[in-house]
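Let's take a walk through this model together. Have the sequence and the coordinates open as we go.

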Amino acid sequence: MIPPTTSARSVRDDALHAALSDRVRPPRPSALSASLTLGWRALLKIKHVPEQLFDVTAFPIMFTLMFTYLFGGALAGSTGEYLQFLLPGILVQTVVFITIYTGFTLNGDISKGVFDRFRSLPIWRPAVLVGALLGDAARYTMASTMVIVLGLVLGFRPAGGVGGVLLSVALLLVFSFSLSWIWTALGLILRTPNSVMGVSMMVLFPLTFASNIFVDPETMPSWLEAIVGANPITHLVTALRGLMSGTVTPGQIGWVLLISGALIAVFAPLTMYLYRNKK
Amino acid sequence: MEGDGEMSAGRGLVEGAGELAIHAVGLVHRFGDNIAVDGVDLKVAPGEIYGLLGPNGAGKTTTIRMLATLLRPDSGTAQVFGHDVVREADAVRGRVSLTGQFASVDEDLTGLENLVLIARLLGHSRAQSKTRARELLDAFGLAEAAARQVKKYSGGMRRRLDIAASIVVTPDLIFLDEPTAGLDPRSRNQVWDIVRALSTDGTTVLLTTQYLDEADQLADRIAVIDRGKVIAEGTPGELKASVGSGALHVRLREPEDRPEAERVLSQTLGVPLILGSDPAALSARVSDPERVAHALAELSRTGVAIADFTLGQPSLDEVFLALTGHPAENDDATTTEGDAA
């Protein structure tokens, strides 16, 4: 019915009126469908701007190599032994750092105006945020794969087997999804993407270094050991080491799930409140 | 008189002739100490193109954002098709679309992906979404750019895509925040065509603009906003008439003739002359064309050479200056509305 356009330069009146005559409003999509659609958007952005995957590829490689070969011998006697200890930890550190991009991206989206459109649509309100987090889960998975494959190449041999490794990645995704709500809240409060990045780094550096990622806390002064023992990251790393070595206890996993639940319970409603009242 | 065609839409609504597209009473919004919107009342009839005209920072965008459910009013109420924008926000969102001041499309995605995304979010199936997106891209002259990332679009293309995204499901009311800001004249005309087509097909349009000719060209009714307040409201014709019926502009061939021309014209026209910054130009507010003809004849009889002259309704620029130039803005607003009605 519509002839092929020879020139795409101007507005076509007949086609315009035909397009406008369609006033049928389809049924409102479900919360899940809206979230998945917005997750699809996040994946499209990765497809179009593959440079943003730098952080999920280069950093994990850099960190793993650096810590294994620079410090491995000194910390654990041999690099091979240290890798067994380090890999679950470096996996956590890598993915936890990538969660920062959630807040960074959200903040950028808001300043560009595209969020105004989403917010003026009659969709389940958290879908915009949940969708973004679902898209991020894809990045976490990619980063995890990078780290684990590299570890295997370097000689990491998990006693927990394939099942243990997959479960540990799943647990890490649950934790990261929960942690991301802190950054979404920050992304809504702070003014620029860079300030979101700055504040997030300030939180994450002490959180990851004052943990059992790189060294066994038993060598630390007792006051620091207590702090490290209370650090959520420590609990997460302990659970992941357990899963990968096949020695995990239900308590270790329970801790991580409890912390994740608490993070969502506090920061998801806070984020939604900020989102609804965003100026 | 201008605006005749829309007179019935404009006048009939005031005394509750059916449901209004927008009915706002006493809207206020503050950002900290700054009162961005200070008691705005609006009545917009279904099918109208309604213009919010005002300079930067007048409160136009804030008003639109409140009506589009993006901001809560600090006080006052607003209904869109009878639904309260705070309590029934979802019902309002189901009837309206917003095209924000900054392109509210995703620059990283292609044009097609942007429209499919919106169509999916509105509940279309995957297949329907693609069909609808292609239909819109074609109608808006963007078919060839469908697979290109939006960041590579020109300003005009981006703006058209933005509007297309707003009518994936043709809304009953569309908010267009400065739809032609920064566009070249041809792109601007294309956007105007789209706005008129929307209105013809029954969509109510609320647009903001800083361009007086844009409001004059498009809007059935205009509210002039300054410092968060509506200072005048009416059809473009009414607004012009409220300032004065017409203006005579004369340009002389020799600037040194101006004192003589001023004497002759003020005598024959019976009104004071306004001397512009152009040393050869004079103008006057006039109401009677016959008198103007007489005055010009008198001028040439005294030997003053005229380079050119124009006689016409005051431009909206003059209206705007007349309305905002006075210190007593509140008084102006009431008398102007009284005169216009």
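In what sense do strand 1 of chain B and strand 4 of chain B pair, and over how many bridges? They run antiparallel, with 5 bridges joining residues 22-31 of strand 1 to residues 75-80 of strand 4 in chain B. Strands here are DSSP runs of E at least two residues long, helices are runs of H or I of at least four, and both are numbered from the N terminus; two strands count as paired if DSSP finds at least two bridges between them. H23(B) sits opposite Q79(B) of strand 4.

A word on ground rules: this is a predicted model, where local features need pLDDT of at least 70 and side-chain atom pairs count only at pLDDT 80 or more, while totals for chains, interfaces and linings use all residues. Residues are numbered from 1 along each chain as its sequence is written, and chains are lettered from A and ligands numbered from 1 in the order in which they are written.

Back to strand 1 of chain B, which also pairs antiparallel with strand 2 (residues 34-44) over 8 bridges. One of the pairs is R30(B) with I35(B). The two strands make a hairpin with 2 residues between them, and G32(B) in the turn has a positive phi of about 65°.

Now zoom out. Chain B is assigned domain 1 (4-241) and domain 2 (246-312), with bounds from an automatic or database domain assignment. The C-alpha centres of these two domains of chain B are 43 Å apart.
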